[in-house]
Amino acid sequence: MKKYLLAPGPTPVPPEVLSAMSLPIIHHRAPEFLPVLDEAKKDLQWLFQTKNDVMILVSTGTGGMVASVNNFLNPGDKALVLNGGKFGERWTKICQAFGVQVEEIKVEWGYAIDPQTVKAALDKDPSIKAVYMQASETSTGVAHDTKAIAEIVKPRANTILVVDAITAIGVFDIKTDDWGVDIVVTGSQKALMLPPGLACVSVSDKAWAMADKAKNSKFYFNLKKERENLAKNQTAFTSAVSLIIGLREALKMMKAEGLENVFGRQQRLADATRAAYKALGMELFPKQSPSNALTAVCAPAGVDGQQIYKDLRVKYGITAAGGQDHLKGKIFRIAHLGYADTFDVITAVSATEMVLKGLGHPVEFGKGVAAAQEILCKK
Ligand SMILES: *Cc1c(COP(=O)(O)O)cnc(C)c1O
């Protein structure tokens, strides 16, 4: 059976990237490697829309999140976590693992954080040193308003804004420098179109100043040490040579497409997917502000969402995603970030129609597909 990967990470890797990564391994301190890292780091700055250094860590995205806590905060420091889902929860757990005191702004899954609540929390407690949030909460398919929250945090000299943009960078606009986002994290297996294994973290001057005073243990995830090495086109430990060669290739492809066009494609795919499921009479899970990275869809009444996810995989070779925690069985998630295009959406929607029919749910074949086509043909 032909396989299709339509999960919100890992995502498909383009053939150009796969073939670049299949070349014989070169040594990470050898002269041939230095220009590769040089190009990748500069193109990452382009993608992150920043002049700040973007450190490349050998880890999954969570390693980048960990580095964004232990390098900047001390035990006993206060952090404000904006928690709207599974990944918001992760910020709280990481902070607590390093003895950071967490105050949470929690919203029900499916909702976006109201920036005014962030302002109120910071006004009330100016000792909060960092605000941690997701630009795109992958567990619910909701995008939080990074720009509005950045406007609130930026003027506060003693507070930094840390954004998990793991399903946002390369999907929709995150103006790191213009908006004044201090730390931005992404991971390789999402919109970067790479296998899992790299985390990329940009750090502003305001955050570096805080790092100078941070005493938490940091042997492996030591961003200052990584920054010193990056200046020499090296990493502190052995570089993930093949992944960085792949990263350079993926960034080259994104540059050739152009950032606006990448965002435009992601928007079109998201619009088409939403329209398709609505046309099938299904409800989208986000109550507001859906992310363009993926579409979370509510299972119709009487249909087990987990069964939709399973049948997509078992019957049609499509790996999408189910719901997490209390959403298990209630929703399924179709990703359209990274190396995705028109027919990935068509595949997902037409297979969902067939799966629903197989589960005894009334479906008019082609109704979802047609709604997607209306949008996709306007390319
Ligand atoms: C994928 C993802 C992560 C990182 O997960 P890893 O398994 O560590 O790569 C973090 N935040 C969000 C929003 C994600 O989508």
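This is a predicted model: local features need pLDDT of at least 70, side-chain atom pairs count only at pLDDT 80 or more; totals for chains, interfaces and linings use all residues.
**First stop: helices 2 and 10.** Select residues 33-48 for helix 2 and residues 241-257 for helix 10. Their axes come within 9 Å and cross at roughly 45 degrees, so the two helices are oblique to each other. Look along the pair and you will find that helix 2 passes helix 10 in a left-handed crossing. Now show side chains: on helix 2, the residues in contact include Phe33, Val36, Leu37, Trp46 and Leu47. Facing them from helix 10 are, among others, Val241, Ile244, Ile245, Leu251 and Met254. Colour this contact by class and it divides into 13 nonpolar, no polar and five charged residues. Glu39 and Asp43 of helix 2 take part, as do Arg248, Lys252 and Lys255 of helix 10.

**Second stop: helices 13 and 14.** Move on to residues 342-358, helix 13, and residues 367-376, helix 14. Here the axes come within 8 Å and cross at roughly 165 degrees, which means that helix 13 is roughly antiparallel to helix 14. The crossing is right-handed. From helix 13, select Thr342, Val345, Ile346, Val349, Ser350 and Glu353; they meet Lys367, Gly368, Val369, Ala372, Gln373 and Leu376 of helix 14. By class, this contact has six nonpolar, four polar and two charged residues.

**Last stop: the cysteines.** Are cysteine 200 and cysteine 298 buried or exposed? Cysteine 200 is buried, because its relative accessibility is 0%. Cysteine 298, at 14% relative accessibility, also counts as buried. If you search for disulfides, the count is zero.

Notes:
Residues are numbered from 1 along each chain as its sequence is written. Side-chain values use heavy atoms; hydrogens and water are left out. A disulfide is a pair of cysteine sulfur atoms within 2.5 Å. Buried means under 20% relative accessible area, exposed over 50%, partly exposed in between (1.4 Å probe, protein chains only). Axes are lines fitted to C-alpha atoms, for helices over the stretch in contact, and angles run from 0 to 180 degrees between N-to-C directions. Helices (H or I, at least four residues) and strands (E, at least two) are DSSP runs, numbered from the N terminus. Angles under 35 degrees count as roughly parallel, over 145 as roughly antiparallel, 65 to 115 as roughly perpendicular and the rest as oblique. A crossing is left-handed if the near helix is turned anticlockwise from the far one by less than a right angle, and right-handed if clockwise. Contact means heavy atoms within 4.5 Å. Ala, Val, Leu, Ile, Met, Phe, Trp, Tyr, Cys and Pro count as nonpolar, Asp, Glu, Lys and Arg as charged, and the others, Gly among them, as polar.
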